[in-house]
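Subject: Structure handover

Hello,

Here is the structure to look through. My notes follow below it.

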Amino acid sequence: MTSKQPPRFATWMLKHFGSGPDNDTVLGDLAEQYVQNGSASWYRRQALKAIWVSLFREIRAHKGSAVVALLTGWVLWAFNVTSIFPLITPYFFNINPDGPTIGVAIRPSDPIGSVLTVLSAPVRLHAALNQPFSFAFAVALPFVAWALIGGLVAIIANLHLEANQTGLPPRAKVTIGFHRDRQTAAVFLFAGSTLLLNLLLTGYFVLHLQMLVHGPSQEWSSAFGHLAAYVAASVVGILLGGTLMGGLLHDKSTVVRN
Amino acid sequence: MLLLALQRLGEGAYGVTIARELEEQTGREVVVASVYATLDRLQERGLVVSRLGESTPERGGRAKRYFRITGAGIREVREARRSLMNLWKGLPDLNLKGEKA
């Protein structure tokens, strides 16, 4: 029993966001080095770098699963925005159910603008309908939706990885089976793609509306605040849903293997 | 470099000892996770093999992963050394030139 415990938050981060079969071993190595002669800052630095190293390593090793996870996530979100959100919109806004819906507009002549409408529909809807900002609709509901999608991305990535393992020799399968979190990299990749796409589209939005020329008005500042809250809710939702599902898959896997 | 570290460490080569050996030899901080990333690639090429070892309380009960260089790995090290020696041959004495400059 030792009294010197590694920094808890860094350990939690690496445990939940580190991916790949070596994650537990790396955690053990870092804990051992920390107890022997490591500092807290050294441990945090190593843990953070380990998350990135494992993430890129897993994506590179399982490109097919990464692509499947990305496609799954974005198809689900497009389905959600075009089919589910329009059904529940009237419960949040005082509008006619047969009237204007969530405002997704697919125009072949403007592919970037079309993607923008799919991606940020819950926030843009307020402007389209000239309605006051609804936190429940634009942040809380997308948070839940993205969390569910993040969980599904974890499941699909896990299934894809399991299917790919069937061709491996039994020894390799046992080695992989001892470890969870192979789907964590896919969830991280999907969350990263959401963040990146939102940032790119926000930049496009700004340039498209020539805001840089005219300067942001108070309304635009407010709209960007809402957009930022929505994007943060999206990314956190995906990570939370994906991580929780990863934990459930791990527990199930452990019970089955025991 | 990793293969040489494994050769030097012998049976006691696992993440902590490998990282420490590399740090001592290079004088730079080594990211432990990067060591595993490289070792996994070497294992895929059949240059090293690994096995799970014992766990200790200071590791939080997590098992060590020991690595050992294979015959193919030793041949690879020899080949790399031979190539390096060949490259050095015919070069002027860089160290002396540097001192004169």
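In what order do the elements of chain A run from the N terminus on? They run α-α-α-α-α-α-α-α-α-α-α: eleven helices and zero strands. Helices (H or I, at least four residues) and strands (E, at least two) are DSSP runs, numbered from the N terminus.

This is a predicted model, in which local features need pLDDT of at least 70 and side-chain atom pairs pLDDT 80 or more, while totals for chains, interfaces and linings use all residues. Residues are numbered from 1 along each chain as its sequence is written, chains are lettered from A and ligands numbered from 1 in the order written, and side-chain values use heavy atoms, without hydrogens and water.

Of the 258 residues in chain A, 46% are buried (under 20% relative accessible area; exposed is over 50%, partly exposed in between; 1.4 Å probe, protein chains only).

The whole structure holds eleven salt bridges over all chains (a side-chain nitrogen of Lys or Arg within 4 Å of a carboxyl oxygen of Asp or Glu). One of them pairs B:D40 with A:R57, with the closest N and O atoms 2.0 Å apart. B:D40 lies in helix α3 of chain B and A:R57 in helix α3 of chain A, so this pair joins two chains. B:D40 is buried at 12% relative accessible area, and A:R57 is buried at 16%.

Within chain B, B:E21 and B:R8 form a salt bridge at 2.6 Å, N to O. B:E21 is in helix α2 and B:R8 in helix α1, 13 residues apart. B:E21 is buried at 10%, whereas B:R8 is exposed at 59%.

Regards
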